[in-house]
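Here is a friendly briefing to read alongside the model. Have the viewer open and follow the topics one by one.

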Amino acid sequence: MSAFASVTARRIAAAALTAGALVSVVTLPASAADHARPERPRVKISDVQYDSPGWDDRSNRSLNREWVEITNNTRRTVNLDGWTLQDEDGHTYTFDHYRLEGRATVRIHTGIGRDTDSDLYQDRRHYVWDNRSDTATLRNDRGRFVDDESWGHHRHGGGRGHGHGHGHGHR
């Protein structure tokens, strides 16, 4: 083998090794991303009290013991104006000029009350959330799905559920 052929073979080998190294560096972030944690939702339904404690007597006190909590997991305030919270029967609560501070939670009660930074009221005289099974769905001001929470026999993959319902039959 001539000296020229030997130098050419070494250059080809060096080029192949360099190309292989570049390919592995380029593919490293993609494979690392496959194992990354899923991103937590910015705003989510964090808890539901669908069966108000005590006797379901339709009193305002009992209605307000039925609630849904919404949590903002970011540091920034999120404007919820126009967002909706809805049950499977189509009962809809629309947020009106409400801003949820960063790392904060708001509780949306079914009954009548005075809205504060941490408690909002739907001002209803009837229960919304079914004790046996239901889904609370949160949508943004464009009607896009944000999060849901399901319980009972209608429970599906998206919801986490916080119990199984006691069936006091409030509907």
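**Strand pairing and the core**

Strands E1 and E2 run antiparallel and are joined by 6 bridges; strands are DSSP runs of E with at least two residues, helices are runs of H or I with at least four, and both are numbered from the N terminus. This is a predicted model, in which local features need pLDDT of at least 70 and side-chain atom pairs count only at pLDDT 80 or more, while totals for chains, interfaces and linings use all residues. Residues are numbered from 1 along each chain as its sequence is written, and side-chain values use heavy atoms, with hydrogens and water left out.

**The open sheet**

- An open sheet with mixed pairing is formed by 4 strands in the order E1-E2-E7-E8; two strands pair if DSSP finds at least two bridges between them.
- E1 and strand E8 (119-121) are the edge strands, each pairing on one side only.
- From one strand to the next, the twist averages 25 degrees, taken between N-to-C directions of lines fitted to C-alpha atoms, on a scale from 0 to 180 degrees.
- Ile45 stands opposite Ile70 in E2, and Lys44 has Thr71 of E2 as its bridge partner.
- E2 also pairs with E7, in the antiparallel sense, over 5 bridges, with Ile70 opposite Val106 in E7.

**Strand E2, covered on both faces**

- Because 6 of the 6 residues of E2 are buried, this strand is largely enclosed by the rest of the structure; buried means under 20% relative accessible area, exposed over 50% and partly exposed in between, with a 1.4 Å probe and protein chains only.
- Trp67, Glu69 and Thr71 are buried on one side of E2, and Val68, Ile70 and Asn72 on the other.
- Beyond its neighbours within four places in sequence, Val68 is in contact (heavy atoms within 4.5 Å) with residues including Ile45, Leu85, Ile108, Trp129 and Ala136.

**The largest nonpolar core**

- A nonpolar core is a set of buried Ala, Val, Leu, Ile, Met, Phe, Trp, Tyr and Cys residues joined through side-chain atoms within 4.5 Å.
- The largest one has 23 residues, of which Ile45, Val68, Ile70, Leu85, Phe95, Ile108 and Trp129 touch the most other members.
- Strands E1 (43-49), E2 (67-72), E7 (105-109) and E9 (134-139) are the elements that give two or more residues to this core, and E1 gives the most, with 3 residues.

**The whole protein**

- The protein has 2 helices and 10 strands.
- Of its 171 residues, 33% count as buried.
- Among contacts between residues at least 6 apart in sequence, 55% join residues at least 24 apart.
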